[in-house]
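Let's go through this one label by label and ask what backs each of them up. Have a look at the model first.

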Amino acid sequence: MRTRCLLFISFGIVSSYGRAFPEDMGAASSPLIPSEDHQYITGVAGDDERRPALKVASEQKTSDQTVLGLEGTRFTVNGKPTFLLGFSYYAALGASEEFAHKDLDDFQKHGFNWLRVWATWGMFDQNVSAIDAQGRPREPFLGRLKWLVAECDRRGLVVDVTLTRGKGSPTGAGGGQLPDFPSHQRAVEALVDALKPYHNWYLDLANERDVRDERYVSAEELKQLRNCVRRLDPQRLVTASFGGHDLSAEDVRESLLTIGLDFLSPHRPRTPESPGQTEGRTRECLGIMRVIGRVAPVHHQEPFRRGYGQWDPVSA
């Protein structure tokens, strides 16, 4: 049995505790599959098939590539509507290839098709960031990120690559958070350049970007970063996650119309009531989208996990 430690591998299943996706949405065999009423809970937000579809996918696909795209309020993988059921693998760049192979094997056996990894991650006295505090490539960890994305591409897995704004540690041991806009832009450019050959990943420009601490990134800066990605890699999907609250109409409008994000990634409140509220909150977002005239997936990207905050979820 392999030992997983918090420092290197931070696992958390991204779902709404027992709710996943219907068979007609490309579900893999999983004990989490419920009725089709829950298709929007994580990764696919949608009862909106009647609206004109927005399709985003690479035209450069080869037969052995995994291509993530959008169709209205759904994600697609290789052109097929797909529910993204995943796990947090935040510090994956600290794991050996052998260790990662075994982890990916285990999770695929249970029907998972998506994972989230941070390009700026450090904990305690270890820094496994692929990007340094100036936004420059940092080896050997950028190479490990490229390997991970390539391996997931081969396996048919989707990868979330996340950046975060912050001051970090003066010694760099606490992680490669990006302290300002210039470093943030360099980091975006470095990641897009390094991972451009692959079409199975998307970029979270800024984790919990609206929290009013060192993580905060303004809508204007996000718009510039989003335009930077569009200039370098026009087909790349981009989001920017929200921290610990449900989205207002202004949040939805700003994200989709002002910044130009491709989909929404709210991190819901961590309370015992949250799982039962996710359906209604997601439908509210879909309703707001219809009003503003732009639809997109709602991707519940971060798990309710144990040992974090005052509420510890129980297993289903």
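Q: Which residue in E5 is the bridge partner of Thr76?
A: Pro81 is the partner of Thr76 in E5. Before going on, some ground rules: this is a predicted model, where local features need pLDDT of at least 70 and side-chain atom pairs count only at pLDDT 80 or more, while totals for chains, interfaces and linings use all residues. Residues are numbered from 1 along each chain as its sequence is written, and side-chain values use heavy atoms, leaving out hydrogens and water.

Q: What makes E4 and E5 a pair of strands?
A: Strands are DSSP runs of E with at least two residues, helices are runs of H or I with at least four, and both are numbered from the N terminus. Two strands pair if DSSP finds at least two bridges between them. E4 (residues 74-77) and E5 (residues 80-82) have three bridges, in the antiparallel sense, so they pass the definition. They form a hairpin with two residues between them, and Asn78 in the turn has a positive phi of about 55 degrees.

Q: How do you know that E3 pairs with E4 too?
A: Same test: E3 (residues 68-71) and E4 share four antiparallel bridges, and the cut-off is at least two. Glu71 has Arg74 as its bridge partner in E4. This hairpin also has two residues between the strands, with Gly72 at a positive phi near 65 degrees.

Q: Why is Gly122 called buried?
A: Buried means under 20% relative accessible area, exposed means over 50%, and partly exposed is in between (1.4 Å probe, protein chains only). Gly122 comes out at 15%, so it counts as buried. Gly122 is found in strand E8 (residues 122-123), and its C-alpha is 7.7 Å from that of Ala91, 31 residues apart along the chain.

Q: What is buried on the two sides of E4?
A: Arg74 and Thr76 on one side, Phe75 and Val77 on the other. In a regular strand, side chains alternate between the two faces of the sheet.

Q: What makes a set of residues a nonpolar core, and which is the largest here?
A: The set holds buried Ala, Val, Leu, Ile, Met, Phe, Trp, Tyr and Cys residues joined through side-chain atoms within 4.5 Å. The largest has 53 residues, and Leu145, Val161 and Leu205 have the most contacts inside it. H3 gives the most to this core, with eight residues. Apart from it lies another core of 23 residues, among them Val158, Leu256, Leu264 and Met289.

Q: Why are the buried residues of H5 said to be on the same side?
A: In H5 (residues 249-259), Asp251, Val252, Ser255, Leu256 and Ile259 are buried. They cover an arc of only 125 degrees around the axis, which puts them on the same side of H5; the arc is that of the directions from the helix axis to the C-beta atoms. Just after H5, Gly260 has a positive phi of about 90 degrees.

Q: What is the span of H2 compared with?
A: The expected span is 1.5 Å times one less than the number of residues. H2 has 15 residues and reaches 21 Å from first C-alpha to last, close to the 21 Å expected.
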